[in-house]
Each structure stands twice: as structure tokens, then as C-alpha cells.
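Keep the structure open as you read.

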Amino acid sequence: MKTTNELIQMKQDDEKITMVTAYDYPSAKQSAQAGLDTILVGDSLGMTVLGYDSTVQVTMADMEHHARAVRRGAPDTYVVVDLPFGSYHVNDDEGLKNVLSLYQSSGANAIKLEGIGCLEIIRRSVLAGVPIVAHLGLTPQSVGVTGFKMQAGSIEEAERLIEDAKRVEEAGACMVVLEAIPADLAGKVTESLTIPTIGIGAGAETDGQVIVYHDILQYGSDRLPKFVKPYGDFNSIGVSGLEEYVQEVKSSQFPDESTTYKKRIFDK
């Protein structure tokens with residue numbers, strides 16, 4: 001398992017960091033077997049595997065449940081877990097309490113927080129011994145205000161984001177996810193920091209990339225974002241396999257002798 005310091009060293013060595021967002025035991029197991037450096041248990045599980053309308057409906061219990069499954073599937077992989085909406089927005093004491101609770105209960109290596117409004121929680125969490133990953137740009141927990149669109153598209157907004165990135169690093173964050181921002185801005189942020197940047201829809205100039213497992217493999221994904229390149233097609237393969245199963249059951253082809261216990265109790 002890589003450590004936080006080893007991931008930071010990867011930036012210094014100009015070695016790209018690979019991250020996939022996964023939510024359960026089998027996807028985590030496959031990610032580990034494929035050699036992913038890190039796994040993010042994102043609160044996007046709300047829409048991707050639970051059928052919620054947004055990340056806003058995801059609870060601490062949801063995150064704990066899925067994070068534990070991921071840890072069981074990838075016991076030797078660095079795992080980052082999202083703190084869900086509402087669990088750190090009321091006050092810093094409550095936020096710190098939830099950081100510590102999720103870190104302890106999930107087996108995570110780091111906890112991820114969205115936005116620039118949690119600097120004090122980052123400081124206090126790091127002092128308590130919890131590595132924190134920050135998340136800037138498009139922050140899904142805030143899409144009710146920002147919408148799902150590119151962020152920091154003006155010079156003023158871009159300069160503000162660069163300063164925000166410096167502030168989360170100063171607060172003690174060990175990595176920062178940059179989502180849906182212009183590629184050159186992501187490059188400027190990456191140059192400005194000593195901690196790794198992980199891009200999603202932020203171009204190639206970040207220190208690493210993260211994409212959702214279900215999007216990479218087209219597994220239940222109805223529409224892929226612009227920044228996703230699919231590397232498999234589980235939708236077609238899965239539906240085709242299920243259709244064949246239905247046909248064979250209907251036609252009494254399944255089960256056959258090869259899939260049936262042969263010992264008989266009653267004589268014909």
C-alpha cells in the first residue's frame with residue numbers, strides 16, 4: 001500500500017497518480033488487481049449505485065457502508081473516502097467529529113472535503129492525525145448553486161481558485177482534486193503546489209487522474225461526461241448475457257446436466 005508521503009513523492013518524481021472512484025467489493029478488487037494507486041469512495045455513489053437524484057441525499061451511514069466494502073476488496077490500496085453533504089457544514093466541531101468518525105470506522109487512508117469553507121476543519125483534522133484531500137472547482141455537493149458546468153472560466157475566478165488551492169495546502173491538505181476547470185488553470189495550480197493535484201475533467205497537466213469505475217467500463221452509465229474515455233462496455237456485455245440467460249431458462253436449456261448435482265435420491 002502506498003502512503004501519503006509516497007503519493008506526494010510521486011509528484012516530485014513526475015510520476016502520474018492513478019485513481020478510480022469505486023463503491024463496492026468487486027469494483028475495488030478489480031481496481032486493486034489492475035494496479036490503481038488509489039481508490040476514491042465518492043459520494044457520487046448516491047447517483048451511480050443507489051439511484052438518488054444527487055449527492056445531497058447521501059448519508060454518513062451510506063459512506064461508511066460502501067467504504068468498508070471497498071476496503072475489504074482492496075486491503076492494500078490507498079483509499080480516500082468522501083465526507084457527505086451536511087456532515088461538516090454546520091460548524092467546525094461537528095465537522096471534525098464526523099471526519100474522525102468516518103476515518104476510524106471506514107478504514108480509510110484519507111478523508112475528502114469539498115470547497116474552501118472547511119479550512120479550519122482541515123487544520124484540526126490534520127493535527128488529529130487524519131490526512132485530508134481537498135476538492136476544488138466543480139464541487140458536486142454545491143451543484144444546486146453552481147450547476148454542473150465548467151468552473152473558474154474567467155481570469156478573476158481562475159486567480160481565486162489558485163489562491164484557494166494554496167490555502168488548502170497551507171491548512172494541511174495532502175492532495176487536491178480539481179474538477180471541471182480549464183486545463184491551463186489546472187496546470188497553473190499544479191505548478192503552484194507541493195502536494196499532488198488529481199484531475200477530473202481538468203486536462204492532462206495535473207499530477208494524476210480520477211474517473212468513476214462505472215464510467216470507465218460503461219457499467220450502468222446512461223450518459224458519459226465529456227471528459228470520460230470508456231475502456232470497456234459492460235452495458236452491452238451485461239445485457240447480452242442476461243438476455244441469453246432468459247432465453248435458455250425459457251427454453252429449458254438451463255440448467256443442464258453440467259450445472260446440476262447428479263446424485264439422485266428418488267428412483268424414477
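This is a predicted model: local features need pLDDT of at least 70, side-chain atom pairs count only at pLDDT 80 or more; totals for chains, interfaces and linings use all residues.

Let's start just past the end of α1, where Asp14 takes a positive phi of about 60 degrees.

Now step back into the helix itself. α1 covers residues 4–12, and its buried residues are Thr4, Leu7, Met10 and Lys11. Look down the axis of α1 and these buried residues fall within an arc of 115 degrees, so they line one face of the helix.

## A buried lysine

Lys11 sits in helix α1. Is Lys11 buried or exposed? Its relative accessible area is 13%, and the cut-off for buried is under 20%, so Lys11 counts as buried.

If you set aside the neighbours within four places in sequence, Lys11 is in contact with Thr190, Leu193, Thr194, Ile195, Pro196 and Asp207.

## Helices α6 and α8

Next up is a helix pair. Helix α6 (residues 119–128) packs with helix α8 (residues 155–171) at an angle of about 30 degrees, and their axes are 8 Å apart. Angles under 35 degrees count as roughly parallel, and α6 and α8 are therefore roughly parallel to each other.

Which residues meet here? From α6 come Leu119, Ile122, Arg123 and Val126, and from α8 come Arg167, Val168 and Ala171. Sorted by type, the residues of this α6 contact with α8 come out as five nonpolar, two charged and no polar.

## Aromatic pairs

How many aromatic pairs are there? The count comes to two. One of them is Tyr219 with Phe234, an edge-to-face pair at 5.9 Å centre to centre, with 65 degrees between the planes. Tyr219 lies in the loop between α10 (213–216) and α11 (234–250), while Phe234 is in helix α11, so the pair ties together parts that are 15 residues apart in sequence. Tyr219 is partly exposed, with a relative accessible area of 43%, and Phe234 is partly exposed too, at 32%.

Tyr245 and Phe254 also form an edge-to-face aromatic pair, with 6.0 Å centre to centre and 65 degrees between the planes. Tyr245 is partly exposed, with a relative accessible area of 47%, and Phe254 is partly exposed at 35%.

Technical notes:
Residues are numbered from 1 along each chain as its sequence is written. Side-chain values use heavy atoms; hydrogens and water are left out. Buried means under 20% relative accessible area, exposed over 50%, partly exposed in between (1.4 Å probe, protein chains only). Helices (H or I, at least four residues) and strands (E, at least two) are DSSP runs, numbered from the N terminus. The arc is that of the directions from the helix axis to the C-beta atoms. Rings of Phe, Tyr and Trp (its six-membered ring) pair if their centres lie within 6.5 Å; planes under 30 degrees apart count as stacked, over 60 as edge-to-face and the rest as tilted. Contact means heavy atoms within 4.5 Å. Axes are lines fitted to C-alpha atoms, for helices over the stretch in contact, and angles run from 0 to 180 degrees between N-to-C directions. Angles under 35 degrees count as roughly parallel, over 145 as roughly antiparallel, 65 to 115 as roughly perpendicular and the rest as oblique. Ala, Val, Leu, Ile, Met, Phe, Trp, Tyr, Cys and Pro count as nonpolar, Asp, Glu, Lys and Arg as charged, and the others, Gly among them, as polar.
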